[in-house]
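Work through the exercises below with the structure in view. Try each task before reading its solution.

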Amino acid sequence: MKWLFLFVVLLNAAFLSWHSFVQDTPEKSRESIYGPPVSEKIYLLSEAPIEQYPQVDEVSNESLENALNKVIEQATVDAPELFCPRLETERSEDKKQIVRVLKDFGWDYQDREVTGKRPKFWLYIAAPETPAIAARIVKELAAKSIDSFVINRAEMKNRISLGLYSSQERADQARQRIQSASGYPVDVYEHMRNVPLQQLDIAQPVDEKDWEQFMSRFDLTKMMIKVEKNPC
């Protein structure tokens, strides 16, 4: 009986010790996983159904294309028109003046000599009846500071040449002046003739504003310049 009592006491002591040890050990807290409240199912990128991705329809493509075309058209309108001019002249004095202005503007250029047809205006007095009369007329003209000579060949024989001009305007001015000074009627013969020409190609694109400033440096009433606004 004594041993039974001692066994019960030891059993109670062991139970109390185990119960005390369990209560002193902190229980590991569990962290909750946050998730936003949603009404639809959430998918991973790899799980997303095809119907969730936006579809591009033909109308959207057409609208985008029209918008791009309008932007391109507007940019074309706003951009200045560029061209690469060519200047052509027959007289060396005109070429020298063009070259000076090109250097003032700092524009590179290329020049070359070519052969081309240009209109010419020949002034003459009709042939008199005899060579002697033609020679006398030449002397009269020389006395009035008018240069002339008698032509002795073919169908032009005995005609009195008064010079060759490169423009209708200058030829008409000379004709009126010689008629008034000499009293003889003067005729004009227009024809095409092969002549050496000087071409100057501007080696850079030029817009209309810069071109107007460039051309304003010349007195076109006194120069014989042919201008070509070639595309670059």
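**Exercise 1: The chain as a whole**

Among contacts (heavy atoms within 4.5 Å) in the protein chain between residues at least 6 apart in sequence, 80% join residues at least 24 apart. The model is predicted, so local features need pLDDT of at least 70 and side-chain atom pairs count only at pLDDT 80 or more, while totals for chains, interfaces and linings use all residues. Residues are numbered from 1 along each chain as its sequence is written, and side-chain values use heavy atoms, with hydrogens and water left out.

Task: state how many helices and strands the protein chain has, and in which order they run.

Solution. Step one is the count: the protein chain has six helices and seven strands. These are DSSP runs, numbered from the N terminus (helices: H or I, at least four residues; strands: E, at least two). Step two is the order, which from the N terminus on is α-α-β-α-β-α-β-β-α-β-β-α-β.

**Exercise 2: The surroundings of T89**

Task: locate T89, decide whether T89 is buried or exposed, and find what its side chain meets.

Solution. Begin with the element: T89 lies in strand β1, which covers residues 82–89. Next, T89 has 0% relative accessibility and therefore counts as buried. The classes rest on relative accessible area (buried under 20%, exposed over 50%, partly exposed in between; 1.4 Å probe, protein chains only). In the protein chain, buried residues make up 24% of the 232 residues. Then take the polar atoms: one in the side chain of T89 lies 3.0 Å from the backbone oxygen of M224. Finally, leaving out residues up to four places away in sequence, T89 touches D94, K95, I98, R118, L197, Q198 and M224.

**Exercise 3: The disulfide**

Task: find which residues a disulfide joins and describe the link.

Solution. A disulfide is a pair of cysteine sulfur atoms within 2.5 Å. A search of the whole structure finds one. This disulfide joins C84 to C232, with S to S at 2.1 Å. The link of C84 and C232 is right-handed, with 110° about the S-S bond. The pair links distant parts of the chain, 148 residues apart: C84 is in strand β1 and C232 in the segment after β7 (225–230). C232 counts as exposed because its relative accessibility is 57%.

**Exercise 4: Two helices**

Task: find which residues of α3 meet which residues of α6.

Solution. V101, L102 and F105 in α3 meet D210, Q213 and F214 in α6.

How values were computed. Polar contact = N/O pair within 3.5 Å; in protein donor to acceptor, adjacent residues only side chain to side chain.
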